[in-house]
Amino acid sequence: MIYIYNRITDPYFNLASEEYILKEFKDDCFMLWRNEPSIIVGKNQNTLAEINLDYVKEHKIPVVRRLSGGGAVFHDLGNVNFTFIVNDDLNGFSDFRRFTQPIIDVLKKLSINAEFSGRNDITIDGKKISGNAQYYYKNRILHHGTLLVSSNMADLSAALKVRPVKFEDKGVKSVTKRVTNINEHLKEPIDVEEFISLIMNDIREHTGGSGLYEFTDEDIRNIEKLKNEKYSTWEWNFGMSPDYNLKNEKKFLGGTLEVDLNVENGIIKDMKIYGDFFGKKDVKDIEEILKGVRHSEIDIKKALSGIDIGEYLSNITLENLLDVIF
């Protein structure tokens, strides 16, 4: 087995590194890694339906889609991520206990009575400290999970606190559960680096491993290429969302504004604007302009840059319109 402590904290790079190891390495692998504050959404999720977009924009939080299914999670430097990539047939898929038990055993050495719970969680006293997910590729299983050591719970809650349901889609919805940090269950808080060393040493001891593998210059070039072409793109992180319908309504100085969007592959296919607002010109012009435009704030702003919104929506600004569209 290859052992990697990946010290890079760029979430785009780290998600790309998992795919790179999965597809390009031949050996089994265990990797520990952390991300700067970021939101990681499941492969089958509608990204916009899972995040607090205003909070994400204000705090410039990266949002990255992963290969595996499951729900959205918030990462920061107080959260440790672990990844097992092993050669196996499909019969081993969805055996979450196989990969979570070694982690539970480490926690027991810290006198923490952690246990596997439900479909894919590790809990302490009924509170979640770890969510896990898997992906299968050509007789190789990728299993990864989170470990909340000293995460900022306020940021976690705020980043994933979405508005009242306004999406109708087939995307997998995240399930809200009570969460806790491992440090809250220790007599003395453990340093994250110390915790990482503890896990790595224990896994190596029980799997007969030796030294740590360092990414080569070639590895890093290839991972950066995958990051730039896939994991940092709008197409992967937002455009890959399942088709959805968005309905939203807000009241502004100029009146009530309601929007109904049909989005396919991240592209606005149809749009209707309703409300009790006034305007010199017909809002059908806006509807037509935005058909075929990506459901992205940057693209919508660019598409509408040539018109005066006030002529269509009196006393309603472009920012107001965007607030309803998202």
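Mentor: Angles between axes run from 0 to 180 degrees and compare N-to-C directions. This is a predicted model. Start with helix α4.

Trainee: Which strands does helix α4 lie across, and at what angle does it run to β7?

Mentor: Helix α4 (residues 96-109) lies across β6, β7, β8 (121-124), β9 and β10. Its angle to β7 is about 165°. Helix α1 lies across β1, β2, β6, β9 (127-137) and β10, at about 175° to β2.

Trainee: What makes β1 and β7 edge strands?

Mentor: Look at the order first. The open sheet has 7 strands, in the order β1-β2-β6-β10-β9-β8-β7, with mixed pairing. β1 (2-6) and β7 (114-117) each have a single partner strand, so one side of each has no neighbour in the sheet. From one strand to the next, the twist averages 20°.

Trainee: How do you know that β6 and β10 pair?

Mentor: Pairing needs at least two bridges. β6 and β10 (residues 140-148) have 9 bridges, in the antiparallel sense. So they pass the cut-off of two. F84 has H143 as its bridge partner in β10.

Trainee: Now the rings. Why is the F25 and Y213 pair called edge-to-face?

Mentor: The search finds 8 aromatic pairs in the whole structure. In this one the ring centres are 5.6 Å apart and the planes stand at 80°. Centres must lie within 6.5 Å, and planes over 60 degrees apart count as edge-to-face.

Trainee: Are F25 and Y213 buried or partly exposed?

Mentor: Buried means under 20%. F25 has a relative accessible area of 10%, so F25 is buried. Y213 has 27%, so Y213 is partly exposed.

Trainee: Why is the F30 and F84 pair called tilted?

Mentor: The centres are 4.7 Å apart and the planes stand at 50°. Under 30 degrees is stacked and over 60 is edge-to-face. F30 is in strand β2 and F84 in strand β6 (residues 79-87), 54 residues apart. At 0%, F30 is buried, and F84 is buried at 6%.

Trainee: How do you know that K230 lies over the face of W236?

Mentor: The distance to the ring centre is 4.3 Å. The limit is 6 Å, along with a limit of 35 degrees from the ring normal. K23 likewise lies over the face of Y137, at 4.9 Å from the ring centre.

Definitions and conventions
Residues are numbered from 1 along each chain as its sequence is written. This is a predicted model: local features need pLDDT of at least 70, side-chain atom pairs count only at pLDDT 80 or more; totals for chains, interfaces and linings use all residues. Side-chain values use heavy atoms; hydrogens and water are left out. Rings of Phe, Tyr and Trp (its six-membered ring) pair if their centres lie within 6.5 Å; planes under 30 degrees apart count as stacked, over 60 as edge-to-face and the rest as tilted. Buried means under 20% relative accessible area, exposed over 50%, partly exposed in between (1.4 Å probe, protein chains only). Helices (H or I, at least four residues) and strands (E, at least two) are DSSP runs, numbered from the N terminus. Contact means heavy atoms within 4.5 Å.
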